[in-house]
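Morning, everyone. I have one model to walk through today.

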Amino acid sequence: MDMSTPMGQGPKMKLVMVGNGMAGVRTLEELLKLAPDLYDITVFGAEPHPNYNRILLSPVLAGEQTVDDIVLNPLAWYADNGITLHTGKKVVKIDRSARAVEAEDGTRAEYDRLLLATGSNPFILPVPGADLEGVISFRDIADVDAMVRASGQYRHAVVIGGGLLGLEAANGLMKRGMDVTVVHIAPWLMERQLDEPAARLLQKSLEAKGMKFLLQKQTAELVQGGCSDSSPSGGGGRVAAIKFKDGDSAPADLVVMAVGIRPNTELAESSGLHCNRGIVVNDTMQTFDPRIYSIGECAAHRGIAYGLVAPLFEQAKVCANHLALYGIGRYQGSITSTKLKVTGIDLFSAGDFTGGEGTEAILYSDPIGGVYKKLVIKDNKLVGGVMYGDTVDGAWYFSLLRDGKNIDELRDHLMFGQDHCGNLGHQGINKAATMTDDMEVCGCNGICKGDIVKAIRDKGLFTLEDVRKHTKASSSCGSCTGLVEQILAVTAGGDYSATPKTKSVCGCTDHTHEDVRAAIKQNKLLTIPQVMAFMEWRTPNGCASCRPALNYYLISTWPGEAEDDPQSRFINERAHANIQRDGTYSVIPRMWGGNTTPSELRRIADVVDKYSIPAVHVTGGQRIDLLGIKKEDLPKVWADLDMPSGHAYGKALRTVKTCVGSEWCRFGTQNSTQMGIDLEKTFFKMWAPHKVKLAVSGCPRNCAEVAIKDVGIIGVDSGWEIYVAGNGGIKTEVAQFLVKVKTPDEVIEYSGAFLQLYREEARYLDRTVHYVARVGLDYVKKKILDDADNRRALYGRLLFALSVERDPWLERAREGKAKHEFEALSV
Amino acid sequence: MNKWLDVCAMTDIPQLGARVVRHGGLDIAVFRNAEDEVFALEDRCPHKGGPLSQGIVHGRKVSCPLHGWNIELISGCAVAPDEGCAREFPIRLEGGRVWLDAATIDVEAA
């Protein structure tokens with residue numbers, strides 16, 4: 001009988017889930033978070049267990065963990081959430097017209113929404129003897145139990161399949177004391193993840209542990225033991241040997257088939273749902289019957305049925321969102337990578353590691369030391385890699401691959417890992433595993449390894465995003481991301497993969513920064529509400545991430561025309577001062593090129609006295625910082641200082657640091673101070689995707705430290721050298737040589753053109769170093785050096801944008817602008 | 001009976017913004033969102049005491065200016081997985097003016 005109910009009122013809707021595995025239960029968890037009271041939930045599981053972590057079956061088999069250790073949701077969880085759980089009941093029928101499912105034993109449940117999470121079945125070779133006792137697969141707790149029992153009674157184990165699962169099974173059986181032979185049809189092990197040299201090293205080290213291999217062997221038959229069988233149970237339908245097509249044979253008391261998995265689509269197919277190597281689903285995880293969803297290893301999304309946990313959890317998130325009637329979020333596929341969970345063996349592979357036409361490979365091979373690395377590069381991007389013996393940089397390579405980062409600049413050092421590329425926080429082989437719990441991982445947020453491990457264990461986290469949300473680790477500067485990913489891999493079970501970064505602006509939209517900029521430009525959008533309406537933002541007025549980005553894109557695209565919305569600016573840019581930890585503000589007046597005068601210094605001293613300013617600090621940018629000012633005093637302080645805004649609070653032109661140059665210095669070759677003043681006066685009031693710092697040195701001794709600035713100028717005898725995209729912050733990066741020019745006017749034009757290119761093309765919050773890393777220095781040269789018209793046009797657009805900006809301190813101190821911002825009310 | 005105190009006109013608070021209301025030693029952040037709803041919270045983030053009045057307002061939430069915690073304007077509580085609540089105060093919008101309840105804020109300010 002159809003008992004469907006209207007949405008949102010009356011009795012709850014009914015959700016039935018078939019399959020009680022990791023992907024399905026994760027969907028329920030996500031759903032309960034979003035809409036705890038929307039559904040009456042019923043779960044059918046064919047196994048007699050609650051949801052457990054299937055990834056960790058290998059350590060259980062190897063005796064490193066117990067079954068209890070790997071249970072993710074104990075029975076109490078189902079009860080606490082009001083979920084009706086039928087364990088040990090296999091669903092055999094879906095009655096789609098009546099919207100009900102039926103289990104083998106006749107248990108029936110009606111549904112308004114059905115979720116098929118039936119997972120996969122091991123593929124069993126169709127050879128004679130495949131149904132003998134002692135022939136099993138490696139898929140669930142029952143299989144592990146059977147293997148553990150057999151290891152206590154028998155000696156010879158044969159594992160058919162030299163892939164990831166087969167090797168993990170073989171390793172476990174060997175640790176249980178069995179004599180293990182791995183039979184594999186391909187010429188080398190793990191041929192889908194490894195190339196031949198890496199596989200040979202792997203084989204060698206497994207052989208050293210005692211594992212035997214029969215490669216390029218095709219199984220013909222599994223032979224039953226006769227009366228003469230020497231095994232203790234003596235025949236009786238149990239396997240005793242394996243025979244190959246070439247006539248060889250080997251003793252086998254236990255045969256584990258690990259030759260692959262097949263999506264379990266039996267139920268879906270029998271009920272008429274479209275299947276093609278999996279239950280076919282769309283980006284919202286719906287099958288061809290929209291009331292029926294499917295996720296996990298049984299689901300085929302864009303032709304791929306995933307077998308790793310991270311993509312399945314991404315699917316779960318999307319599916320839950322739709323079940324909760326939110327209707328936002330799409331699953332767009334994942335890039336995956338592989339790590340082998342065999343203790344003592346480090347192996348990592350990702351992407352297209354074989355290479356081929358149009359690709360280049362960088363190789364490192366040390367057969368004696370047991371280290372092999374191969375990186376495959378195409379069009380200056382990393383597209384794949386295999387590592388054996390030293391996998392510490394696996395996570396880093398994988399992130400380069402996933403983000404499609406241009407590696408041209410890194411190429412020389414790429415093979416030697418991230419430590420050699422000037423990045424902090426990733427050093428040390430398997431650092432995550434050897435760190436103690438009290439060691440700090442995330443310096444920004446003060447998060448130790450123990451905090452992260454605890455959150456991963458207690459809250460069942462599997463993705464980097466989850467860890468960021470719960471612990472804040474890696475959520476600020478991101479330099480510990482590699483380490484956090486390693487901890488995640490070690491703690492959550494070793495499967496490491498993630499979805500590609502789509503770089504949408506934020507959770508309010510699927511559009512990328514580039515999409516948004518193009519729309520603003522092509523459609524002449526002038527306000528944030530216009531952009532949000534035009535691009536169908538999902539939230540009524542965005543969030544603290546997208547609003548500042550949109551505001552910048554608007555004012556930089558349509559200077560003078562677009563509305564600059566103070567409520568969409570971060571407090572510092574709204575108050576034109578830097579908020580401090582106690583809620584007071586700091587003020588840094590501009591000192592052109594680091595020069596000041598007695599009267600400026602007197603005014604500063606007087607202001608400090610008059611407003612009882614508690615701290616005065618000389619900054620690294622050759623200016624003076626007044627700290628601890630009450631917000632309501634700001635306009636008065638600015639009025640009394642009578643100096644221009646230093647913009648030290650903004651994504652804007654900050655300082656132009658200089659040395660004293662040829663005016664004073666006996667080594668100086670150029671008047672760097674004047675050059676700095678001219679640059680600073682020209683680019684004053686410039687908003688940008690992030691802060692911008694300049695410096696000018698008068699000779700190559702470089703006292704103004706230009707190598708870590710967004711634009712750095714070095715005076716030489718014959719002119720000026722211009723360097724760009726240096727960085728002195730989180731990611732220390734030496735600036736790259738752009739061009740040498742003759743005159744100060746050229747310095748200003750070329751620098752301005754570069755800054756305008758950055759202003760027009762960088763994503764909000766990208767520094768110049770990130771922008772140039774993304775587009776490549778060659779691209780910048782093409783736009784600025786090779787094309788003089790374009791350079792002048794860029795510079796012209798910058799000057800126009802600057803012409804409409806005014807000194808914000810002047811407006812507020814002298815003209816009473818934005819008074820309400822600085823005045824408190826009282827009652 | 002509640003005694004309501006006249007704080008300001010609604011239009012004194014910028015849309016998607018806030019004003020600080022001083023009452024004795026107590027700072028109250030009074031917010032106005034895009035739908036012209038008003039909310040009152042103690043001006044202290046439950047995380048590290050950041051002034052919520054200085055944050056970016058979106059929907060019925062404010063992002064703390066110090067470390068970006070998102071706080072629900074209705075309840076004063078942090079959006080999961082962060083935990084903690086800022087005190088919320090009764091507030092009324094009537095005749096285009098914003099009113100706070102004297103009794104509740106007096107207790108707090110004392």
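The cut-offs: buried takes 20 or more other C-beta atoms within 10 Å of the residue's own, exposed takes 12 or fewer, and partly exposed is in between, with C-beta atoms placed from the backbone.

Some ground rules. This is a predicted model, where local features need pLDDT of at least 70, side-chain atom pairs count only at pLDDT 80 or more, and totals for chains, interfaces and linings use all residues. Residues are numbered from 1 along each chain as its sequence is written, while chains are lettered from A and ligands numbered from 1 in the order in which they are written.

Back to Phe244(A). It sits in strand E14 (residues 239-244) of chain A. Strands here are DSSP runs of E, at least two residues, and helices are runs of H or I, at least four, numbered from the N terminus. Leaving out residues up to four places away in sequence, Phe244(A) touches Lys217(A), Gln218(A), Thr219(A), Ala220(A) and Ser249(A). Contact means C-beta atoms, placed from the backbone, within 7 Å. Leu222(A) is 22 residues from Phe244(A) in sequence, and 9.0 Å away, C-alpha to C-alpha.

Now chain A as a whole. It has 827 residues, and 47% of them count as buried. It holds 28 helices and 38 strands. Take contacts with a separation of 6 or more: 63% of them join residues 24 or more positions apart.

Strands E11 (residues 179-184) and E12 (residues 212-215) run parallel, joined by 4 bridges. Pairing needs at least two DSSP bridges. Val182(A) has Phe213(A) as its bridge partner in E12(A).

Next, the interface. 20 residues of chain A are in contact with 28 of chain B. On the chain A side, helix H13 (464-471) and strand E38 (825-826) each give two or more residues. E38(A) also runs parallel to strand E2 (residues 17-23) of chain B, with 2 bridges between them. There, Leu825(A) has Val21(B) as its bridge partner.

Last, chain B. Three strands form an open antiparallel sheet, in the order E5-E6-E7. Its edge strands are E5 (56-58) and E7 (70-72).

Notes
Contact = placed C-beta atoms within 7 Å.
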